[in-house]
Amino acid sequence: MDTSTHSITAPSAIYKIAGRRFEIGSRGYADAIAEAHASHQRPRCMCLVDGVEMYVARLAGSDRGYIVKRMPDTGSHHAPDCPSYEPPAEFSGLGQVLGSAITEDPATGETTLKLDFPLAKMPGRSTMPPAGGESDSVSSSGTKLSLRGLLHYLWDQAELTRWHPGFAGKRTWATVRRHLLQAAEHKLARGDSLRARLYVPEPFSIDERDAINVRRLAQWQHAVAAPGKAQHLMLLIGEVKEIVPARYGFKAIVKHMPDQAFAIDEQLYRRLGRRFEPELALWGASDDIHMVMIATFGVSSAGVPAIHELSLMPVTRQWLPVEDGFEKQLLDRLVGENRAFVKGLHYNLGRDNGIASAVLTDCEGLAPMLFIVPAGLDEATPGRTTGDPGPAVWMWRRTGEPIPPFPQRCTQSPRPTGPAHAQRPPQPAHAERP
């Protein structure tokens with residue numbers, strides 16, 4: 001948590017434990033949640049007058065700390081500006097994969113992820129995905145996470161889908177990297193720690209180049225090919241600088257890694273251009289779009305990293321994911337008007353599945369859902385069932401009309417604010433027992 005910018009305020013979680021109120025990190029907080037765990041008490045998040053029930057889990061591993069977590073399927077029960085708030089599942093692709101591809105153990109706080117792509121390569125087998133299947137597996141069911149689904153999950157867990165006016169100018173690659181790595185903690189995939197498999201490039205520094213290379217090579221040792229043995233693959237999340245022909249084959253150059261490119265074979269390169277044509281077109285047409293790549297990769301015995309499967313995700317200059325130019329217009333307007341919101345993500349769902357592009361978290365009452373309605377679907381109200389009042393729905397019909405005015409924001413925060421910070425860590429936070 002960065003507390004250096006005192007002009008920034010955002011609501012902080014306050015828990016009621018055994019009749020007393022505690023802010024995360026305050027005096028007595030660590031002891032209180034440890035005692036709550038031992039006595040099987042349920043803390044209450046006091047974002048609303050009556051509070052919302054939470055639970056305490058003890059983390060596995062060396063830290064053996066405790067973590068206060070929201071109860072399953074209760075994210076939408078919290079106040080919209082609460083760190084534990086999550087839009088209703090039916091307005092996001094997360095609802096399809098919770099409980100099947102993503103399962104949580106309340107006793108340990110660990111989350112198990114089921115993946116629909118391999119993290120190992122058998123000797124002599126092709127590195128390509130099966131014919132007819134795209135590398136982001138957007139047509140997969142909710143029982144396993146596609147590459148894109150995993151990227152969306154980690155982006156959500158890292159709270160990089162949240163935006164608050166106070167974050168302006170503070171969300172750098174160093175911040176993105178730190179929060180992604182924190183989000184990968186206590187996650188298991190194919191029986192192994194996801195954090196150990198995940199490589200996110202450090203911000204490049206000439207003075208630190210040698211030390212960065214040493215740390216990188218040490219982590220990559222897990223993925224070096226050995227004769228006659230299955231090769232363990234690692235996961236890469238990084239910003240693409242360019243994907244271009246090389247002297248032999250093709251290569252992806254990732255920002256903050258100027259001295260090491262990733263090899264791509266011709267078949268994957270050709271599929272890349274066909275499958276991700278809309279994303280690549282948006283990237284090429286907008287100078288303020290970053291292109292984030294998630295990929296599985298192995299390292300040859302000669303030390304050359306090679307990508308096996310990949311998926312791409314365009315993001316704005318604030319690192320907020322966008323599907324197309326219309327979502328970019330919407331998010332640019334929201335950021336420009338100093339609004340607070342959560343960006344919706346598809347996970348495994350295809351483009352045709354209507355989800356909320358964003359959810360405003362600075363309004364009174366239920367958080368309004370913002371939809372961009374494609375041409376031809378103007379008669380329907382996305383995500384709304386007959387007779388269900390639900391949250392407010394704002395729609396922008398893409399038939400030439402300008403972006404309508406947004407619902408009015410709340411004039412002042414309905415609850416006390418905590419210490420100033422530029423970017424909250426992934427919530428809920430945990431405390432070490434002193």
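Analyst: Sheet and cavity

Leu188 stands opposite Ser193 in strand 11. The model is predicted: local features need pLDDT of at least 70 and side-chain atom pairs pLDDT 80 or more, while totals for chains, interfaces and linings use all residues. Residues are numbered from 1 along each chain as its sequence is written, and side-chain values use heavy atoms, without hydrogens or water.

Strand 10 (residues 187-189) pairs with strand 11 in the antiparallel sense over two bridges; pairing requires at least two DSSP bridges between the strands. Helices (H or I, at least four residues) and strands (E, at least two) are DSSP runs numbered from the N terminus. The pair belongs to an open sheet of four strands, ordered 6-7-10-11, with mixed pairing. Strand 6 (102-105) and strand 11 (192-193) form its edges, each pairing on one side only.

Helix 3 packs on this sheet, touching strand 6, strand 7 (110-113) and strand 10; contact means heavy atoms within 4.5 Å. The helix direction makes about 160° with that of strand 7, with axes fitted to C-alpha atoms, for helices over the stretch in contact, and N-to-C angles running from 0 to 180 degrees.

Helix 3 (147-157) and strand 18 (305-315) each supply at least two residues of the lining of the largest cavity. A cavity is a set of points on a 1 Å grid where a 1.4 Å probe fits but cannot get out, and lining residues have an atom within 4 Å of a point. The largest cavity has 15 lining residues, with Arg148, Glu279, Leu312, Pro314 and Glu323 nearest its centre. Strand 18 gives the largest share of that lining, three residues.

Key: On a 1 Å grid over the protein atoms alone, a cavity is a set of points where a 1.4 Å probe fits but cannot get out, and a pocket is an open set with protein on both sides within 12 Å along at least five of seven lines; lining residues have an atom within 4 Å of a point.
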